[in-house]
Amino acid sequence: MAETALTNTIEPPARPGGWRGIAADWSSDQRAFKNVSWGKAMMWIFLLSDTFIFSCFLLSYMTARMSTTVPWPNPSEVFALTIGDKRIPLILIAIMTFILISSSGTMAMAVNFGYRRDRVKTAALMLATAAFGATFVGMQAFEWTKLILEGVRPWDNPWGAAQFGASFFMITGFHGTHVTIGVIFLIAIARKVLRGDFDVERRGFFTSRKGHYEIVEITGLYWHFVDLVWVFIFALFYLW
């Protein structure tokens, strides 16, 4: 007992100084991520950095809008569509938002069936999510084409403040790029799921351990982030 007590009172080794100490601190933190895969941890870090970028874009847009002395174009008029004899404000944007939010539901179900190792349903739901995303990008391309034909440029537009065009193309273009990358990634992972790569641990990119569908969840994290960013863009750019 006395030997045990003496053993328990031994102090841990002193922390080294300088860069060695910093490295020791970082390596000791591996306990906090012991049950988290590198793929999931790296995706969270990537999403955090992307959050800063989108935040900078939106803050820059809000600063430009509040500081300009020229009237800002009215989004309800700029993004209105004429259907029949009626001009309906923001109808295209509302449909795009509905499609993207719906894609979050199919992605969540794909992750759920991935945990159950149901290859067919997981792949089908991922492809449905990709179809929603591709539809969103197609509608955004239509929106861009319409505005360009109406005279919107990054440096000018026919309705008011010149900063409107630059803000619109920068924010929606950056987000649309993320959606496009997500669609490509969804199709690639769905193909691997459907052919059973994760059941036999087939060698290749993004193939996790045998019987694990974690890459589906990681893809879901990215997709939900893209959807969440659109909610902020919709509220701050189209509704404000």
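## Briefing: loops, core and surface

Welcome! Arg117 sits in the loop that links α5 and α6, where helices (H or I, at least four residues) and strands (E, at least two) are DSSP runs, numbered from the N terminus. The model is predicted, so local features need pLDDT of at least 70 and side-chain atom pairs count only at pLDDT 80 or more, while totals for chains, interfaces and linings use all residues. Residues are numbered from 1 along each chain as its sequence is written, and side-chain values use heavy atoms, with hydrogens and water left out.

- Arg117 has a phi near 60°, a positive value in a residue other than glycine.
- With a relative accessible area of 52%, Arg117 is exposed; exposed means over 50%, buried under 20%, and partly exposed in between (1.4 Å probe, protein chains only).
- Leu90 also is not a glycine and has a positive phi of about 60°.
- The loop between β2 (86–89) and α5 holds Leu90, which is buried at a relative accessible area of 13%.

**Overall fold**
- The protein chain has nine helices and two strands, and they run along the sequence as α-α-α-α-β-β-α-α-α-α-α.
- Of its 240 residues, 40% count as buried.
- The protein chain exposes about 14,300 Å², with carbon and sulfur atoms supplying 67% of it; accessible areas come from the Shrake-Rupley method with a 1.4 Å probe, and for residues only the protein chains shown count as cover.
- Among contacts (heavy atoms within 4.5 Å) between residues at least 6 apart in sequence, 68% join residues at least 24 apart.

**Inside the nonpolar core**
- A nonpolar core is a set of buried Ala, Val, Leu, Ile, Met, Phe, Trp, Tyr and Cys residues joined through side-chain atoms within 4.5 Å.
- The largest such core has 56 residues, of which Phe79, Val216, Trp230, Phe237 and Tyr238 touch the most other members.
- At least two residues of this core come from each of α3 (38–67), α5, α6 (119–149), α7 (163–194) and α9, and α9 gives the most, with 14 residues.
- Beyond its neighbours within four places in sequence, Val216 is in contact with Met107, Ala110, Val111, Thr122, Met126, Ile189 and Val193.
- As general background, nonpolar side chains tend to be buried together in soluble globular proteins.

- Glu143, in helix α6, is buried yet has no salt bridge, meaning a side-chain nitrogen of Lys or Arg within 4 Å of a carboxyl oxygen of Asp or Glu.
- The nearest side chain of opposite charge to Glu143 is Lys146, 7.9 Å away; Lys and Arg count as positive and Asp and Glu as negative, with His and the chain ends not counted.
- Setting aside residues within four places in sequence, Glu143 is in contact with Phe79, Leu92, Ile93, Met96, Phe168 and Tyr238.

**A link across the sequence**
- Phe57 belongs to helix α3, and its C-alpha atom is 6.6 Å from that of Ile171, 114 residues apart along the chain.
- Not counting residues up to four places away in sequence, Phe57 touches Met170, Ile171 and Phe174.

**A nonpolar patch on the surface**
- Ile101, Leu228, Val231 and Phe232 form a nonpolar surface patch with about 380 Å² of accessible area together.
- Patches are made of residues with over 30% relative accessible area and no salt bridge, joining like charges within 9 Å and nonpolar side chains (Val, Leu, Ile, Met, Phe, Trp, Tyr) within 5 Å.
- Helix α9 (residues 214–238) gives the most to the nonpolar patch, with three residues, while Ile101 is found in helix α5 (residues 91–115).
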